[in-house]
Amino acid sequence: MAQSKLHIAMFPWFAFGHMTPFLHLSNELAQRGHQISFLLPKKAQIQLQNANLHPNLITFYALSVPHVEGLPPGADTASEIPIFLTSRLAAAMDLMRDQVKDKIHQLKPDFVFYDSAHWIPELASEIGFKTVCYNVVSAASIAIALVPARKPGKDRSVSDEELMEPPAGYPSSSVVLRKHEARSLSFIFTEFGDGITFYERVTTAMRNCDAVSIRTCRELEGPLCDYIGNQYGKPMLLTGPVLPEPTKAPLEHRWAEFLNSFEPGTVVFCAFGSQIILEKKQFQELVLGLELTCLPFLVALKPPFGCTTIEDALPEGFEERIRGRGIVHGGMVQQPLILNHTSIGCFVSHCGFGSMWESLMSACQIVLVPHLGDQILNTRLLAEELKTAVEVERDENGWFTKEDLCKGIKSVMDKDSKIGCWVKENHAKWKETLTDPSFMKNYIENFLSNLDEIRKN
Ligand SMILES: O=c1ccn([C@@H]2O[C@H](COP(=O)(O)OP(=O)(O)O[C@H]3OC[C@@H](O)[C@H](O)[C@H]3O)[C@@H](O)[C@H]2O)c(=O)[nH]1
Ligand SMILES: [O-]c1cc(O)cc2[o+]c(-c3ccc(O)cc3)c(O[C@@H]3O[C@H](CO)[C@@H](O)[C@H](O)[C@H]3O)cc12
């Protein structure tokens with residue numbers, strides 16, 4: 001039976017790692033004739049407009065992020081602030097409740113998709129719309145930390161020892177944290193916004209919605225998705241990876257010129273998403289590790305803490321030594337285009353969930369250096385469960401040396417490396433499954449028919 005056309009409002013967490021996948025999903029829905037109202041902060045509108053492939057059906061509504069104490073003036077996305085300030089952005093977004101309410105009241109959508117704004121379901125009962133809590137982090141990261149089985153005691157905290165153990169019924173033995181990694185999840189039980197912890201925020205968002213949705217697929221995370229669905233007693237709608245077709249825009253000339261000068265599959269590309277800022281010492285080990293591989297490389301990273309430019313951060317004599325075979329750029333580049341350039345042979349990634357999908361769908365060897373908790377779990381998924389990537393070794397403080405990085409890269413780039421051949425073979429199988437044209441299409445179509453059912457109930 002034909003489905004009716006829906007009007008969906010999107011209100012993602014204001015980080016590019018969240019707004020971008022919400023927009024990819026919007027494009028898929030608009031391509032099938034559904035109308036989207038996308039609520040986002042002013043500056044992001046300019047940065048995302050080229051990724052809006054259906055401007056006739058996807059309308060951006062720019063909202064203003066109020067200033068709160070601790071949030072740098074003018075900052076309105078998580079990508080402009082260090083991780084330790086993101087809690088202040090959450091506080092600012094909570095103050096947008098009336099602004100969002102007025103907009104939704106005026107637009108009258110059938111559905112609102114949201115993630116960190118746990119108060120959206122309260123507006124739903126006042127105005128009348130259905131809610132989907134759309135998660136763009138892995139099912140693994142939600143299942144291990146953000147389920148009722150993890151409920152903290154009265155003091156709202158969970159100790160590092162407790163965090164080391166997955167919650168009761170957690171269905172994976174390989175996608176887990178190692179000793180010393182529990183502290184990467186401890187932020188979850190601290191204040192995130194005013195008067196609410198990250199755990200309370202995300203679990204409230206999931207408990208009160210009409211359906212929980214995750215940007216993942218059964219093939220990769222089936223048992224973890226079932227676990228979350230059972231924990232919340234909610235319909236679990238999966239959208240699949242929702243990655244767009246490669247853009248037809250050309251790769252920026254300076255990168256194309258550099259990459260074209262190397263043999264196929266020889267260049268190492270390194271990027272850590274839109275939020276990570278390294279300590280200067282760690283940044284230097286990273287670039288020195290790349291130098292040590294003797295391979296050509298292209299790095300796109302934010303300048304480390306305490307440095308205004310990338311040049312300030314580079315080790316003594318580094319630029320002269322690597323001239324002609326290495327570039328270190330202090331900003332974002334067109335990652336999907338670079339990953340698909342024939343010269344790129346290896347991707348050194350933080351394994352943010354977006355980058356994880358992009359790496360799996362590329363032909364590159366994958367070397368992982370996770371930073372945040374969810375990135376560690378995504379890394380375990382690729383390296384331990386799927387065996388499609390290698391993880392760089394670190395000490396118990398999370399630090400890696402230039403030798404550790406070089407070893408990780410060489411283990412997949414050396415022609416006669418057994419590990420290299422093995423991960424390449426496993427990766428190729430997953431790439432084939434995920435890039436089959438019917439794979440993503442089927443996910444989106446099932447997702448839409450599930451939405452239609454929810455709308456009718
Ligand atoms: O130079 C760059 C770097 C990144 N990108 C793009 O930016 C996106 C980054 O998204 P990721 O999810 O990988 O990483 P972010 O760190 O930005 O995301 C954030 O949200 C998702 C979570 O899994 C991450 O832990 C969190 O940091 C990717 O689509 C990537 O292609 C660029 O286009 N250019
Ligand atoms: O690090 C994380 C570890 C973990 O086990 C779970 C999450 O979940 C989320 C999340 C965010 C939004 C949702 O609706 C569900 C889950 C994480 O999000 C990241 O949180 C950072 C907090 O500072 C934020 O800066 C970043 O943009 C988010 O992607 C992290 C973990």
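Three salt bridges are counted between domain 1 and domain 2, a salt bridge being a side-chain nitrogen of Lys or Arg within 4 Å of a carboxyl oxygen of Asp or Glu. This is a predicted model, in which local features need pLDDT of at least 70 and side-chain atom pairs count only at pLDDT 80 or more, while totals for chains, interfaces and linings use all residues. Residues are numbered from 1 along each chain as its sequence is written, chains are lettered from A and ligands numbered from 1 in the order in which they are written, and side-chain values use heavy atoms, with hydrogens and water left out.

**Domains**

- Domain 1 covers 7-245 + 437-456 and domain 2 covers 253-434, with bounds that come from an automatic or database domain assignment.
- The centres of the two domains, taken over C-alpha atoms, are 27 Å apart.

**Interface between the domains**

- In domain 1, 36 residues are in contact with 29 residues of domain 2, where contact means heavy atoms within 4.5 Å.
- About 2700 Å² is buried between the domains, 66% of it on carbon and sulfur atoms; buried area is the accessible area (1.4 Å probe) that two parts lose on being put together, summed over both.
- A salt bridge joins the side chains of Arg178 and Glu391, at 3.7 Å from N to O.
- On the side of domain 1 that touches domain 2, at least two residues each come from α1 (16-31), α6 (139-145), α9 (218-232) and α19 (437-456); these helices are DSSP runs (H or I, at least four residues), numbered from the N terminus.

**Around ligand 2**

- Ligand 2 is surrounded by 22 residues, the closest being Trp13, His18, Thr86, Ser141 and Gln275; a residue counts as near if one of its heavy atoms lies within 4 Å.
- The side chain of Trp13 has an N or O atom 2.9 Å from an oxygen atom of ligand 2.
- For His18, a polar side-chain atom is 2.6 Å from an oxygen atom of ligand 2.
- Ser141 places a backbone N or O atom 2.8 Å from an oxygen atom of ligand 2.

**Around ligand 1**

- Ligand 1 has 18 residues around it, and Ser274, Val333, Ser355, Glu358 and Asp374 come nearest.
- A nitrogen atom of ligand 1 is 2.5 Å from a backbone N or O atom of Val333.
- Oxygen atoms of ligand 1 lie 3.3 Å from a polar side-chain atom of Gln335 and 2.6 Å from one of Glu358.

Methods
Polar contact = N/O pair within 3.5 Å; in protein donor to acceptor, adjacent residues only side chain to side chain.
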